[in-house]
Amino acid sequence: MKTSIYIHIPFCTSKCKYCDFASFPSKIDKQFEYFEALKKEIINFKKKKNLDVYTIYIGGGTPSLVNPKYIEEVLTQIKKSFSCDNIKEISIEMNPNTVTRDKIQKYKKMGINRFSLGLQTTNDKFLKKIGRVHTYAEFLESVRLLKSEKVYNINVDLIYNLPNQKKEDVLVDIQRLAKLDIQHISFYSLTLMEGTPLYEENLKGELQFPDEDEEREMYHCGIEELAKFGYNQYEISNFAKENFECLHNMVYWETKPYIGFGLGAYSYFENNRFNNYDDFEKYIGSIQNDKVPCDILKIETIDYKEQVFEYLMLNLRMNSGLNVKKYEERFNEKISAGYLEIFDELINEKLLCKTNEGYKLTLKGIDLSNYVFEKIML
Amino acid sequence: MSKENKQKWIRNFSIIAHIDHGKSTLADRLIEKTGLLTQREMKEQVLDNMDLERERGITIKLQTIRLVYKAKDGNEYILNLIDTPGHVDFTYEVSRSLAACEGAILIVDAAQGIEAQTLANTYLALDQNLELMPVINKIDLPSARPDEIKLEIEDVIGLDTEGIPLISAKNGTNIEDVLEAVVENIPEPTGDVDAPFKALIFDSYYDTYRGVIVDVRVVDGSVKVGDKIKMMASGREFEVTEVGFFAPGMVSTKELSTGEVGYLTASMKDVRDAKVGDTITTVKNGATEPLDGYKEVNSMVYCGIYPAEGEDYNNVRDALEKLQVNDAAFIFEPETSVALGFGFRCGFLGLLHLEIIQERLEREFDLDIITTAPGVIYKIMKTDGTMMELQNPSNLPPVQEIEYMEEPMVEASIMSPTDYVGQIMDLCQNKRAVFKNMEYMEETRVILHYEIPLNEVIYDFFDALKSKTKGYASLDYELKGYKQSKLVKLDVLINKELVDAFSIIVHEEKAYERGRMIAERLKEVIPRHMFAVPIQASVGTKVVARETVRALRKDVLAKCYGGDISRKKKLLQKQKEGKKRMRQVGSVNVPQEAFLAVLKFDEK
């Protein structure tokens, strides 16, 4: 069974105001230690299991912040340890202010063939408000460099629903990107996570966010605008020109297996979900002691019923929706009558609709997808 | 020892204190010092043995303990410690327990000094003509200021504090002083050992093995196994099967005699056979006059109790029956509601009594129940000349059939330091209370007498009173008959459907205010649905308040990658569990909490 690999690089110049990821700007001086541990984690895993690698995703933090030699060492270790004859996609996340020609060349040489830029918005005022460390100009420069190095698979992240943002601002963001010959856009609604500076500012009443109706309008109009420029929605927040869907992320929604290496990385493997420690010292310490860097007691075994639910919930996030035949192949039986009944109810509520292959969420269904999934959860 | 001398060696007393000033700890120490239980055998807080009590910090069930103390004068004394609850709903029980004593230890916190409940219960004790014995506790605290507190006691209560015990119940310091002081200062019980048997019932409870156990204070004469006794209020007769005392476990003896405190059993099946405050005497040659102070307890507050799941009906009924066995003031009978199905209409002494029963049903019997708005009994004079009693607002006859309505009135006595009279008068004004008069007890203390409709008192009057007077005021009220009133039924409609469980009877003047509060409260607790949910409060066809719960527009997770999946599932799981505690009213999910939430009116 082909397995995907996720690598986590937990270093950033500074933390963005909305971020609740595992990233530690202050620990940048511990890079060397970290990558030693990361390589060892891979070696230790290999001792138990070989992997036939499908895709690799290098995320963070800011992977482009560290010296590219570290990235190379990790990829080399992966290639040494596992079967990597047919890797379809290797992605790396980058921040516009850390992109250099030298790095791009090196990344390409390592086999990285998909580049993701965290832009969020083309409006410098908004960028500052949410704590990003780059400008739109720096972003344009990054794209220029990538193009000049003949990179053909670029993703840009956009976030809408920012404080003081209007629908027009969002459309402008999309229109500007459309001029740049990029292949993939991730289009996220800003979610305030507890404990982040933006969350606290909001509690104090210092921020003015779009109201619910405006936010949904941004999303709906955004989808239309993106479609106008050839970016077809294939998942709730992901849009791509034909054939440029992100293979690695589809693994999550198709409930295919993946292993996460690095601080706080998540895995879904042999019907178990588990994740590494997100405490820096604990992660490194456990690997140094030749122990797995995760809490064994927290490993979640996904039983049959749960597998079915996850399959439904995650596949429905994609526009291709639930493919009945594929479901039957995967689970060796027909979809239960109980579920079919729920689907009918959801169709009545106009949240789900039938397709040639099965079912998918309507636009309203996407807007209220948590309600849909809750209903499906038995 | 002859019978007469026995009284000399008895001391009957209670302990009065503000919450957390150390009553239970002192009781534990007294038990320890008198050698009944070793320190190792003692469980924490021996007297408060119900979980509920520990949490609420108030004693619900009374307990009596008999201590044997060898004093410094070389004699052995029998010290009967009687415990008491302290809430207005149970004032009658408190007064009967105090009536069984000759004195009371008044605990005052060495750091905090005299506080609200101290005063309230002190006055109760003084009203019973008890000897008050102040004790200053928690002298171990760095913030302790015993000399100042002594002065406070002298000033505010007027007791002499020369030589009073200064103790630390926590550390066991000077506990002996308390015991000596009890022996010295609390009078021995009076009573004629040769007179006909007369005993005060100050508590009774049902025990599965022995039947009803009656806590008694023998006032005159004596009682032993085999005696034929009579309850003077009901006239019912029984034969005594056991007598004894609490040490704290039950210890049976040959007889209980004048001045003693203990228990008796007499094959009684129901606590209503042994009513608190009643007098027991013998069938043959019994006493002619009962003791003072007996009162029939009446339910004043009613509400509906329904099982959250229809199939639990029998379990709820069984639990209510079990609770009733040991609670003479709790009554119930079956009723139905369109919104909630089959349930029960229950009667309580007051709101606290209601809350306690509710918590016991949920905690001890592990039941999921829904409680409707508490109300009182109204009298309705119909146009056809008949008078009906209304307990359930949904049974109100159509307006055309009603000649007039009457509501129960109470005479409320509010005792408070003079500082708060202004606030109290403001509060009462908002409660349709009519001022009767005010009397000064001492320079600093007044009693205000008001006539208030009972339905204004039952919700949160007591809590509001306490909060406006920093806890110093105390409340006592008595039913004083019915008065004609302009009353209306306030209905609640959710998504245009009448939800009968929310209906309440209110005074015409209050309809808008209450309606608005209910609508606002419901808007907060009813979750958003796929459609907008209108909430209306109405009197007849007139809508007096309206709120809307907006339709849900967005409920979506933007990012769903590797790490998000487990978290997402947990969230959905939690939301799903939350929905289980919902009640389906038409197509609207109403949380069970909503039924109770509308009752808690915040006093602004």
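Two strands are taken to pair if DSSP finds at least two bridges between them, and helices (H or I, at least four residues) and strands (E, at least two) are DSSP runs numbered from the N terminus. The structure described here is a predicted model, in which local features need pLDDT of at least 70 and side-chain atom pairs count only at pLDDT 80 or more, whereas totals for chains, interfaces and linings use all residues. Residues are numbered from 1 along each chain as its sequence is written, and chains are lettered from A and ligands numbered from 1 in the order in which they are written.

In chain B, Thr64(B) stands opposite Ile82(B) in E3(B), within a pairing of E2(B) and E3(B) that is antiparallel and runs over seven bridges. These two strands form a hairpin with five residues between them, and Gly74(B) in the turn has a positive phi of about 90 degrees. E2(B) is mostly covered, five of its seven residues being buried; a residue is called buried if 20 or more other C-beta atoms lie within 10 Å of its own, exposed if 12 or fewer, and partly exposed in between, with C-beta atoms placed from the backbone.

Strand E1 (residues 10-16) and strand E4 (residues 103-109) of chain B pair in the parallel sense over four bridges, and the bridge partner of Ile16(B) in E4(B) is Leu106(B).

Ala104(B) and Ile105(B) touch the most other members of the largest nonpolar core, which has 159 residues. Such a core is a set of buried Ala, Val, Leu, Ile, Met, Phe, Trp, Tyr and Cys residues joined through C-beta atoms within 7 Å. When residues up to four places away in sequence are not counted, Ile105(B) touches Phe13(B), Ile15(B), Ile16(B), Met133(B), Val135(B) and Val178(B). A second, separate core of 99 residues includes Leu117(A), Cys294(A), Tyr327(A) and Phe373(A).

The domain assignment of chain B, with bounds that come from an automatic or database assignment, gives domain 1 (3-185), domain 2 (198-282), domain 3 (301-372), domain 4 (379-485) and domain 5 (488-597). The C-alpha centres of domain 2 and domain 5 of chain B lie 52 Å apart.

A further open sheet in chain B has four strands in the order E17-E18-E16-E19 with antiparallel pairing. Strand E17 (331-337) and strand E19 (369-371) of chain B each have a single partner strand and stand at the edges, so one side of each is left without a neighbour in the sheet. Strand E16 (residues 301-307) and strand E18 (residues 341-348) of chain B pair in the antiparallel sense over five bridges, with Val301(B) opposite Phe348(B) in E18(B). Helix H8 (residues 313-325) of chain B lies across E16, E17, E18 and E19 of chain B and runs at about 140 degrees to E16(B), while helix H9 (residues 351-363) of chain B packs on the sheet, touching E16, E18 and E19 of chain B, its direction making about 165 degrees with that of E19(B).

Chain A is divided into domain 1 (2-252) and domain 2 (305-376), and 29 Å separate their centres, taken over C-alpha atoms. Their contact takes seven residues from domain 1 of chain A and eight residues from domain 2 of chain A.

The contact between the chains takes 30 residues from chain A and 18 residues from chain B. The largest share of the side of chain A that touches chain B, five residues, comes from H15(A). By class, this side of chain A has 12 nonpolar, eight polar and 10 charged residues, where Ala, Val, Leu, Ile, Met, Phe, Trp, Tyr, Cys and Pro count as nonpolar, Asp, Glu, Lys and Arg as charged, and the others, Gly among them, as polar.

Conventions:
Two residues are in contact if their C-beta atoms, placed from the backbone, lie within 7 Å. Axes are lines fitted to C-alpha atoms, for helices over the stretch in contact, and angles run from 0 to 180 degrees between N-to-C directions.
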